[in-house]
Amino acid sequence: MSTPVDDAPEPALPALPEILETARVVNLPLSLRFRGVTHREAVLFRGPAGWGEFCPFLEYGPQESSRWLACAIEMAWREPPAPVRTTVPINATVPAVPPEQVAPVLARSHGRVREVKVKVAERGQSLAEDLARLRAVREAAPQAVIKTDANAGWTHEQALAALEAFEEFSPAYAEQPVAGIDGLARLRQEARRRGLSTPIAADESVRKETDPLEVARRGAADLIVVKAAPLGGVRAALRVIRQAGLPAVVSSALESSVGMAAGLALVAALPQLPHACGLGTASLYAEDLVENPLIPRDGELPVTRPAPEQHLLARHEVTGQRREWWLERTRAAYEALRARREAD
């Protein structure tokens, strides 16, 4: 079944003052360190279709951030594509924590845990530490399918050693073990030559819309991991999946439960889901913008669209210099997005 894509022309960008008029800057605490941060900052704004969330990671410049803004604008100004399902399978996520913290992390997922994505290749950590974490996951969730995510943290030789060591866990796939399309293609070829069976998934290598076709052409991956925000929104991500012609897994970019609506809308529109999706990261938040965060129950989430609750927006709202920094960042991303639209 082909991936549905809305090929209608994109509507005009709303005016920047219209976006900033309802902008609320928030700072949400995480329950543990993830991607090197303990808090998540974002700009939320409301449009005719609902709320959008603009939350590019702090190291991203205007060009890369402009795709995140495009996603937020799409969610606030356009209705999502028609869904084909009302619930989606979700994997739990285990950050690069010590083994003794694995069980408490998994306990944040309500009920049965069906699949677990485990972060590996953390800077400063060893393969032995990754293996200890994986064994703790296997002990805490004996029946769960395991997936690993290295965020391009290994060299070619390190990745081969890790893939060989991880064979005992029969991972569903290894996500972005090395950097770049060239690196993935070389690794996948050598892994198959050595008889290693773990499929390779491309994540960072599909962040640009021109990349997915090259991933498939080079035989660099068995599947792709897509995130709505870094790809420019739900419809842009659907186009990426169609172009790649590979099985797709939808993952989060550590959005709040409000921002997670974009990922859910993307999953809801896909005709096929070969694996559970990585949209359970609301469980990593100590506090959220809704009283009932999007935490999976028995490995599933409903396709829904939470709105931020006003008292929680007020509790976590940022003012002063930090607010101005985020509004300026929004302006810069908007100008980059407008320039790209005009160039197209």
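## Helices H4 and H5

H4 and H5 are roughly parallel to each other, a label that covers angles under 35 degrees. The model is predicted: local features need pLDDT of at least 70 and side-chain atom pairs count only at pLDDT 80 or more, while totals for chains, interfaces and linings use all residues. Residues are numbered from 1 along each chain as its sequence is written, and side-chain values use heavy atoms, with hydrogens and water left out.

The axes of H4 (residues 127-140) and H5 (residues 156-166) cross at roughly 30° and come within 11 Å. Axes are lines fitted to C-alpha atoms, for helices over the stretch in contact, with angles from 0 to 180 degrees between N-to-C directions; helices are DSSP runs (H or I, at least four residues) numbered from the N terminus. The crossing of H4 and H5 is right-handed, that is, the near helix is turned clockwise from the far one by less than a right angle. On the H4 side the contact (heavy atoms within 4.5 Å) is made by Leu 127, Asp 130, Leu 131 and Leu 134, and on the H5 side by Ala 161, Ala 162, Ala 165 and Phe 166. Seven of these residues are nonpolar, none is polar and one is charged. Here Ala, Val, Leu, Ile, Met, Phe, Trp, Tyr, Cys and Pro count as nonpolar, Asp, Glu, Lys and Arg as charged, and the others, Gly among them, as polar.

## Helices H5 and H6

H5 also packs against H6 (residues 181-193), with axes that come within 10 Å and cross at roughly 40°. H5 and H6 are therefore oblique to each other, the class left after roughly parallel, roughly antiparallel (over 145) and roughly perpendicular (65 to 115). Their crossing is right-handed. His 156, Ala 159, Leu 160 and Leu 163 of H5 meet Arg 186, Leu 187, Glu 190 and Ala 191 of H6. This contact has five nonpolar residues, one polar and two charged.

## Helices H9 and H10

The axes of H9 (residues 234-244) and H10 (residues 260-269) come within 9 Å and cross at roughly 40°. H9 passes H10 in a right-handed crossing. Val 234, Ala 237, Leu 238 and Ile 241 of H9 make the contact with Ala 262, Ala 265, Leu 266 and Ala 269 of H10. Eight residues of this contact are nonpolar, with no polar and no charged ones.

## Cavities

The whole structure holds three cavities of 30 Å³ or more. A cavity is a set of points on a 1 Å grid over the protein atoms alone where a 1.4 Å probe fits but cannot get out, and lining residues have an atom within 4 Å of a point. The largest cavity has a volume of about 190 Å³. Among its 22 lining residues, Phe 34, Arg 35, Lys 119, Lys 227 and Ser 252 are the closest to its centre.

Note on methods
Helix = DSSP H or I, 4+ residues; strand = E, 2+ residues; numbered from the N terminus. 1 Å grid on protein atoms, 1.4 Å probe; cavity = no way out; pocket = protein on both sides within 12 Å on 5 of 7 lines; lining within 4 Å. Points joined across faces, edges and corners; volume = space filled by probe spheres on them.
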